[in-house]
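Subject: Structure handover

Hi,

Here is the structure for you to look through. Please open it first, then read my notes below.

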Amino acid sequence: MTKKDELVGILEEMAVLMELADLNAFKTKAIQNGARILDKSTIDVEAAASDSLMATQAGLGKGIQEILREFVQSGRVAEHERLKTLVPEGVLSLTKLRGVGAKKAKALHEQLDINSIGELEYACRENRLIELKGFGVKTQAAILQSIETWNSAQGRLLQHRALRMSEELQGEFQFAGASRIHVGGQLQRACEVIEELCFVCLVEHPHKFAEVFGAPVHQHSMRFHRDGVAVLVVLSSEENWAVDCFRASCAESFLREFEHRYELKPVAHEEQIFSQHKLSVISAELREDPALIEEAKHHTIPELVRNEDMRGMLHIHTHWSDGVHTIREMALEAKRLGFEYIAVCDHSKTAFYANGLSVDRVYMQHEEIDKLNEENLGIRILKGIESDILSDGSLDYDEAVLERFDMIVASVHSAFQLSKEAQTERIIRAIRSPYTTIVGHPTGRLLLSRKGYELDIEAILEAAAEHGTIIELNANPHRFDLDWRWHRRAVELGVRIGINPDSHQAPALAEVFLGVGIARKGMLRSSDVINTLGLNDFLTYCAQLKARKQA
């Protein structure tokens, strides 16, 4: 980047910051014009800094000339740095998206408290921009497309986006002559965020295959980038296929330890790599931690939860709050996916931004659910709610209303800035409530966007174990919360986990299976997951949990 390009970027950002901070419109316009003139000019900024006539002839006014001289002399612009203190950094980042200028970014921040691109995407997925003045359906769709483009350029992908890119690349590999393709790497290990896509391809002519992608072959592999994301392709043979697939599935530290202990010889199937050394099979999701090799030696790795073990679809949203589809449509899609029951958990009244349900609308929704259940759709619809956990730890309705629900997901949606101690105590108070069945997305994180709020997770898990409250593994790929690194500790304490999609539209219900992959990564068994229970057992658990807490 040239000095001129760098200064143009500073000026453009200054103009945006001034708009966001509602500063002098005339001066803002002057900064915008200066950036535009400088960008189109061919002048040397260092020469212009010492030659006012050159700068004037280029069309740069005195104010821009002063900024230019300061920048050349110090490499910085003090006013630029001052302006950055006036606006939250995340709000400025919104303006990096095509179609989101300062005016829209300001509206999103002030009206929806959106402070990052990730939060904006989540709001779009929940249809919160549709009714916002100056936005609407088309604008929301355009912003989502801009976010997709921006995310792709960052070199890191959320799991569901990586899956889409992987499918596209597999088609290209097949077209280029690969007769067999295996998806390995971080995607096979169900990592939350993907920094590199990895494949093993069986090809007859490796160099000819690599030419299609403009990548040289080096030690039987090739590397290239797709939309800013690193791609590694191992070019395998029939003889080495199983071993190459195994290697591609392993994290570097895991593979290094495995190869230190055991020799990898050509085998017909990957399972033989383990059986020939008298080891339990280590599922791909677990091939991160070298310590598990010792567990495999002693056959102490449990049988992990599977997609087909899942029987209940909990925590879904419908058009009653901020979802897209009707209760019937969500139920029938869950049935198609093989589920026996579904719990509608629309937002509660405090979530006004998400069209949360007033008490009257709760009663109306329950009437609709009763009528749908009378139709015998082949799937049971449960009456749930996603109740906001208020700042004092209480839930969002009085007891007479709370008693009407079959189950309740209690979640934090506000007051993220409480101290660690206050936030922890707030959630523990909700855990103690007789009406809290599940604590939703317990840390509040949004991957690649927002860290969770300050929280003592150990204390939360201990409280959940003491009171029998379920902790959610939110399967929305923007969350995957509770983090898999805490799953074994939760199980040690006796906490049950609910793998829930938190879906706002029918196609997203299938994301629950991404959550199963994360649960496997955390070494959860079927018995550790509450929604592997059949309908009657689940309802019994919920009723007994409430009665035990009330007692």
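Start with strand 6. Val229, Val231, Val233 and Leu235 point one way from this strand. Ala230, Leu232, Val234 and Ser236 point the other way. All of these residues are buried. In a regular strand, side chains alternate between the two faces of the sheet. Keep in mind that this is a predicted model.

Strand 6 covers residues 229–236, and eight of its eight residues are buried, so the rest of the structure largely encloses it. Buried here means under 20% relative accessible area.

Which strands pair with strand 6? Strand 4 and strand 5 do. Strand 4 (residues 196–202) runs parallel to strand 6, with seven bridges between them. Val200 has Val234 of strand 6 as its bridge partner. Strand 5 (residues 221–226) runs antiparallel to strand 6, and six bridges join the two. There, Met222 has Val233 as its bridge partner. Strand 5 and strand 6 form a hairpin, with two residues between them. Asp227 sits in the turn and has a positive phi of about 50 degrees.

Seven strands form an open sheet, in the order 7-8-9-10-11-12-13, with parallel pairing.

Strand 7 pairs with strand 8 (residues 341–344) in the parallel sense, over three bridges. Gly312 has Tyr341 of strand 8 as its bridge partner.

Two helices to find on this sheet:

- Helix 18 (residues 327–336) touches strand 7, strand 8 and strand 9 (380–388). Its direction makes about 145 degrees with that of strand 8.
- Helix 25 touches strand 7, strand 8, strand 9, strand 10 and strand 12 (470–474). Its direction makes about 35 degrees with that of strand 9.

How many cavities of 30 Å³ or more does a search of the whole structure find? It finds one. The largest cavity has a volume of about 80 Å³. Its lining has eight nonpolar, two polar and two charged residues. Among the lining residues are Phe405, Met407, Tyr435, Cys542 and Lys546. Strand 10 (407–411) and helix 25 (535–550) each supply at least two residues of the lining. Helix 25 gives the most, with three residues.

Best wishes

Key
Residues numbered from 1 in each chain as written. Predicted model: local features only at pLDDT ≥ 70, side-chain atom pairs only at ≥ 80, totals over all residues. Heavy atoms only, no water. 1 Å grid on protein atoms, 1.4 Å probe; cavity = no way out; pocket = protein on both sides within 12 Å on 5 of 7 lines; lining within 4 Å. Points joined across faces, edges and corners; volume = space filled by probe spheres on them. Helix = DSSP H or I, 4+ residues; strand = E, 2+ residues; numbered from the N terminus. Nonpolar A, V, L, I, M, F, W, Y, C, P; charged D, E, K, R; others polar. Pairing = 2+ DSSP bridges. Contact = heavy atoms within 4.5 Å. Axes fitted to C-alpha atoms, helices over the stretch in contact; angles between N-to-C directions. Buried < 20%, exposed > 50% of the residue type's maximum accessible area, 1.4 Å probe, protein only.
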